[in-house]
Amino acid sequence: MSYQLYRNTTLGNTLQESLDELIQYGQITPQLAFKVLLQFDKSINAALNSKVKARVTFKASKLNTYRFCDNVWTLMLNDVEFREVHEFAKVDKVKIVACDGKSE
Amino acid sequence: MSQSDHSNVATTTTSSCDDDTNGDQIKTEVKLEENVDGVESSEQSLTQQMDEDEQEPEPEIDIVINNVVCSFSVRCHLNLREIALNGINVEFRRENGMVTMKLRRPYTTASIWSSGRITCTGATSEDQAKVAARRYARCLQKLGFSVKFNNFRVVNVLGTCSMPWAIKIVNFSEKYKNEASYEPELHPGVTYKLKFPKATLKIFSTGSITVTASSVANVQAAIEHIFPLVYEFRKKRTILETKEKPRANL
């Protein structure tokens, strides 16, 4: 099973809302909606892995805390600078939750 | 016996400092002092100062403590998953069956087993090891375990020092066949096993010596024991050896 990490994105949330609506109107069963969401997890992981070319680099002044459990890295960073080609953002605190992209 | 004249060597142990040196590099700091009562060595220098009137100046050798390994118990079962989820600076790799936790100050790593046994490595003195161990215990206490600080002991100490001359290790290993083993194809240094105090010394042709023993005192005792033995096989450093290249003259 893929990580359900991306359900909480704009795309994932709107999909869930739409599915809820369809369930309410009785047009699909909850089981089907569940299946759709599972497929969404799989697809978005695959798509982000293969189709996305955009890169953002970031650099923190300090790694405050790290944690590794169940193949998930949790990193707390201080004073992070995000940099795309032209854009630039500075954040005081960032928490990164990183999962293994290749795990199936 | 010529070596008995030089059997007293003043040694000082210093911790490799957290900030400026890394433990893997051997820091050598050797002074030849005319006078025995050097300022900082007085506390830890050998008691046997019998021949003050020797013709050669007495060498003083600094021993740098690079790593102190200690182990202790917290006398309660530890839920490793809980530590891994709530602790800070922790790594839990299930295949190893232990949690690795790190402290920044003093810079150490602890291996935590579910039995409550903890080993802590990376400290640069016995005192620092104890401070670190207590901090780990406190960390676990703050995570809600009813810990007790128990059975603390220093397990292993690694020290390095450098003689002010090079050593003819081939001849040395031939004279001390029983204790020393020199396998240049395996390791560039002579491995010298000392029974009492129990210590293992690695002696390099450059004059660098690394010691592993069960305490800082034993490291120092081992160096004091080995000094007259290697003194016999001293030689002037070649240019290559002064450049701190242990493998250069192999």
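## Chatting through a two-chain model

Guide: Over residues 2–48 of chain A, the chain is 72% helix and 0% strand, with the end C-alpha atoms 13 Å apart. Keep in mind that this is a predicted model.

Visitor: Okay, what does UniProt list for residues 2–48 of chain A?

Guide: An unreviewed UniProt entry lists that stretch as "domain: Transcription initiation factor IIA gamma subunit N-terminal".

Visitor: And how is chain A divided into domains?

Guide: There's domain 1, covering 5–50, and domain 2, covering 57–99. The C-alpha centres of these two domains of chain A lie 28 Å apart.

Visitor: Let's go to where the chains meet. How many residues of chain A are in contact with chain B?

Guide: On the chain A side it's 5 residues, and they are in contact with 7 residues of chain B. The chain A side is made up of 3 nonpolar, 1 polar and 1 charged residues.

Visitor: Which strands pair up between the chains?

Guide: Strand E1 of chain A (residues 57–69) pairs with strand E4 of chain B (residues 90–93). They run in the parallel sense, over 2 bridges. If you want a spot to look at, A:Phe68 has B:Glu91 as its bridge partner in E4(B).

Visitor: Zooming out, how many helices and strands does chain B have?

Guide: Chain B comes to 5 helices and 14 strands. Of its 250 residues, 34% are buried. Looking at contacts in chain B with a separation of 6 or more, 67% are between residues 24 or more positions apart.

Visitor: Which residues have the most contacts inside the largest nonpolar core?

Guide: Those are B:Cys120, B:Tyr136, B:Ile203, B:Val219 and B:Ile223, in a core of 58 residues. Domain 1 of chain B (2–66 + 157–242) and domain 2 of chain B (75–148) both give residues to this core, so it lies between them.

Visitor: What does B:Tyr136 touch?

Guide: Setting aside neighbours within four places in sequence, B:Tyr136 is in contact with B:Met101, B:Ala110, B:Ile118 and B:Cys120.

Visitor: New topic: B:Lys193. Where does that residue lie?

Guide: In strand E11 of chain B, which covers residues 190–194.

Visitor: Why does B:Lys193 count as partly exposed?

Guide: Because B:Lys193 has 13 C-beta neighbours inside 10 Å, and a residue is exposed with 12 or fewer but buried with 20 or more.

Visitor: Which residues does B:Lys193 touch?

Guide: Not counting residues up to four places away in sequence, B:Lys193 touches B:Glu179 and B:Thr200. As for B:Ile226, that residue is 33 residues from B:Lys193 in sequence and 11 Å from B:Lys193 in space, C-alpha to C-alpha.

Definitions and conventions
Residues numbered from 1 in each chain as written. Chains lettered and ligands numbered in written order. Predicted model: local features only at pLDDT ≥ 70, side-chain atom pairs only at ≥ 80, totals over all residues. Contact = placed C-beta atoms within 7 Å. Nonpolar A, V, L, I, M, F, W, Y, C, P; charged D, E, K, R; others polar. Pairing = 2+ DSSP bridges. Helix = DSSP H or I, 4+ residues; strand = E, 2+ residues; numbered from the N terminus. UniProt positions renumbered as here; feature names shortened; annotations may be inferred. Core = buried A, V, L, I, M, F, W, Y, C linked by C-beta atoms within 7 Å. Domains from an automatic or database assignment.
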